[in-house]
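Dear colleague,

Please find the structure below, followed by an account of what was found in it. I would be grateful if you would read the two side by side.

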Amino acid sequence: MATSTPDCGICDHRKQNTPAKVWCHECDEGLCESCKDFHGSVKTSRDHKTILISEYLELPSSLKEISEFCNVHNEKFIFYCKDHNIPCCRKCLIKTHDTCKHIELEDVIENAKSSSCFQELEESLTELVSNFRKIRKNREANKARIATQTEAIATKISELRQKINQHLDTLEKDILSKLSTIEKSENSKVDSEIKEISDKERILSQKQSTIENVKQHASNLQAFLYTKQEENEVTQIQAQLSGPMSAIKNNVTICETDLSFTVDSSIKRILSTIMAFGKVNIQMSPLKLGLSKRKEKQAQNLVPVTKRK
């Protein structure tokens, strides 16, 4: 989000709105081009260091909120309280820190950017950024590895399913082939029985026609002798029908034929006991990245900051 350019503090005090060109940290305000020249010529501010307003705007908001003025008394910090580790203005020192140990603030901040504490912070941040970069790259690599493993597992499941399908297809083909063979065999037997029975049915029908002719046209002697001739054969056929249906077809017993199917117990177990293809396992292991670890150093007090209102 763009930050608007602050107005010149001196012009603003004069009720004029002039965009600032530079920023003075010690005065804690912006300066326009003309006021910058005046600011640099006045004895009290000629040694102040300024930065371009564009450079000021690039500073993080947390830094811009740090003021060099007391937010209670609106006076510039000039002392540093060693008991409370905070900067103080003249009034703070008199009113609330009069019994505390204090030193000139200039003595504390003079070499702040070259101090061992500042360097330690800078090196620690460099180290932390490096370590977090390693961790991020490791996590990204882990994510990519999970994607590869997921694809490999999905392929393995698919291949297993294909093998199961192929095996079941083979079993199905085999049982259907056996079923077809049994059907043909049993139908052949029944067809043979039907032919044998049809032949006997035709012969008996012929005898039935013959006896009708005998009744109408033959003499009594002919009828008597024909009856004796056919009586034994008819009696034998009647005996066959009242028995176990044998001897109608070459003394082979005629039976009812029905087909049924019993599912193999192993197939039944697939449906009742196998509830999953397998299990996806997750293995967790500690990271081994060889992160940099600086030796712990004795803590050094930093100058606490005061944020502007």
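Arg-161 lies in helix H7, which covers residues 116–217; helices (H or I, at least four residues) and strands (E, at least two) are DSSP runs, numbered from the N terminus. At 44% relative accessibility, Arg-161 counts as partly exposed; on this scale buried means under 20% relative accessible area, exposed over 50%, and partly exposed in between, with a 1.4 Å probe and protein chains only. The C-alpha atom of Arg-161 is 8.5 Å from that of Phe-277, although 116 residues separate the two along the chain.

Please note that this is a predicted model, in which local features need pLDDT of at least 70 and side-chain atom pairs count only at pLDDT 80 or more, while totals for chains, interfaces and linings use all residues. Residues are numbered from 1 along each chain as its sequence is written, and side-chain values use heavy atoms, with hydrogens and water left out.

Strand S1 (residues 22–24) is joined to S2 by 3 bridges, and the two run antiparallel. Within S2, Glu-29 is the bridge partner of Cys-24.

Lys-15 is found in the loop between helix H1 (9–13) and S1, and its phi is near 65°, a positive value in a residue other than glycine. Lys-15 counts as exposed because its relative accessibility is 78%. Lys-21 lies in the loop between H1 and S1 as well, and counts as partly exposed at 44% relative accessibility. Lys-21 and Ser-54 are 33 residues apart in sequence, yet 8.0 Å apart in space, C-alpha to C-alpha.

The cysteines

How many disulfides does a search of the whole structure find? The search finds 0, a disulfide being a pair of cysteine sulfur atoms within 2.5 Å. Cys-24 is in no disulfide, and the nearest cysteine sulfur to its own, that of Cys-27, is 3.5 Å away. For Cys-27, likewise in no disulfide, the nearest cysteine sulfur is that of Cys-24, at 3.5 Å. Is Cys-24 buried or exposed? Cys-24 counts as buried because its relative accessibility is 0%, whereas Cys-27 is partly exposed, with a relative accessible area of 23%.

The sheet S5-S4-S6

Another open sheet of 3 strands has the order S5-S4-S6, with antiparallel pairing. Its edge strands are S5 (86–88) and S6 (102–104), each of which pairs on one side only. Neighbouring strands of this sheet are turned by 35° against each other on average, direction ignored. Strand S4 (residues 79–81) pairs with S6 in the antiparallel sense over 3 bridges, and His-102 in S6 is the bridge partner of Cys-81.

Asn-85 has its place in the loop between S4 and S5. This residue is not a glycine, but has a positive phi of about 55°. Asn-85 counts as partly exposed because its relative accessibility is 25%. The C-alpha atoms of Asn-85 and Lys-101 are separated by 10.0 Å, with the two residues 16 apart along the chain.

The second largest pocket

The second largest pocket has a volume of about 540 Å³. A pocket is an open set of points on a 1 Å grid over the protein atoms alone, where a 1.4 Å probe fits, with protein on both sides within 12 Å along at least five of seven lines; lining residues have an atom within 4 Å of a point. Which residues of the lining are the closest to the centre of the second largest pocket? Of the 19 residues that line it, these are Asn-142, Arg-145, Ile-146, Gln-149 and Gln-283. The lining divides into 9 nonpolar, 7 polar and 3 charged residues.

With kind regards

Methods. Pairing = 2+ DSSP bridges. Axes fitted to C-alpha atoms, helices over the stretch in contact; angles between N-to-C directions. Points joined across faces, edges and corners; volume = space filled by probe spheres on them. Nonpolar A, V, L, I, M, F, W, Y, C, P; charged D, E, K, R; others polar.
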